[in-house]
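Dear colleague,

I am passing on a structure that you have not seen before, and my notes on it follow below. Please open it alongside this message as you read.

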Amino acid sequence: MFVENFIRFIKYYGRGHKIKLFGFFLLSFVAGSLEFLGIALIYPFILLVIQPELVMKSTYYVNFSNFFHANNIGVNAFILGFLVVALFIGKNLFMIYSLYLQNKVLNDWKIDISQKFMRYYLFSSYKNILKTSPSEKLYNLNFLIGQSIDGFIARLINLVTNLVIVGMILTLLFMKFPLAATVTG
């Protein structure tokens with residue numbers, strides 16, 4: 001039912017907005033990937049702080065030390081901690097910008113649909129005008145269009161974003177801790 005309504009809504013009112021909707025799904029994937037990277041970097045950082053002798057034997061640590069030309073554990077922990085914080089700040093700034101774009105596009109979409117309804121109401125025949133009451137026209141223009149976009153399309157975009165982020169986090173858990181993830185899941 002939900003998918004049918006969504007397809008019907010996009011068919012009638014999605015002209016010119018389908019590519020933007022697909023772009024939001026790509027932005028969701030980028031946000032999920034940034035979340036994945038941020039969480040993936042926390043584990044090595046904690047290990048580096050708590051048990052540096054375990055991490056020092058890893059090829060990743062050696063490559064990391066060589067890349068930053070730092071052989072001191074404290075300096076490497078600081079660099080890794082800084083990268084984690086910078087990645088989370090960058091991810092949050094990206095999410096803020098993504099929400100800004102989403103609101104801008106959805107408001108433009110509301111205006112576009114409102115204009116289509118208004119043109120229909122203004123230029124339809126007198127016989128068609130009498131089919132709907134003035135209060136129903138106001139309801140359609142003032143409430144229904146906003147409710148459709150905000151309650152339907154925006155929530156779908158948020159759902160996809162959250163599903164991608166949860167999927168990435170679960171992927172990380174199953175890759176790094178398969179037994180613990182299976183038992184708790």
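Which residues in helix 1 and helix 7 meet each other? In this predicted model, Phe 2, Asn 5, Phe 6, Phe 9 and Ile 10 of helix 1 meet Ser 148, Ile 149, Phe 152, Ile 153 and Leu 156 of helix 7. By class, eight of the residues in this contact are nonpolar, two are polar and none is charged.

As for how the two helices are placed, the axes of helix 1 (residues 2-13) and helix 7 (residues 134-176) come within 12 Å and cross at roughly 110°, which means that helix 1 lies roughly perpendicular to helix 7. Their crossing is left-handed.

Helix 7 itself has 43 residues, and the distance from its first C-alpha to its last is 61 Å, close to the 63 Å expected at 1.5 Å a residue. Helix 7 also bends, by about 40°, at Asn 140.

The axes of helix 4 (residues 59-68) and helix 5 (residues 73-123) come within 11 Å and cross at roughly 90°, so helix 4 is roughly perpendicular to helix 5. On the helix 4 side the contact is made by Tyr 61, Phe 64, Ser 65 and Phe 68, and on the helix 5 side by Ile 73, Asn 76, Ile 79, Leu 80 and Leu 83. Sorted by class, the residues of this contact are seven nonpolar and two polar, with no charged ones.

Key: Residues numbered from 1 in each chain as written. Predicted model: local features only at pLDDT ≥ 70, side-chain atom pairs only at ≥ 80, totals over all residues. Heavy atoms only, no water. Axes fitted to C-alpha atoms, helices over the stretch in contact; angles between N-to-C directions. Helix = DSSP H or I, 4+ residues; strand = E, 2+ residues; numbered from the N terminus. Parallel < 35°, antiparallel > 145°, perpendicular 65-115°, else oblique. Left-handed = near helix turned anticlockwise from the far one by under 90°. Contact = heavy atoms within 4.5 Å. Nonpolar A, V, L, I, M, F, W, Y, C, P; charged D, E, K, R; others polar. Expected span 1.5 Å × (residues − 1). Bend = angle between axes of the 7 residues up to and from the residue.
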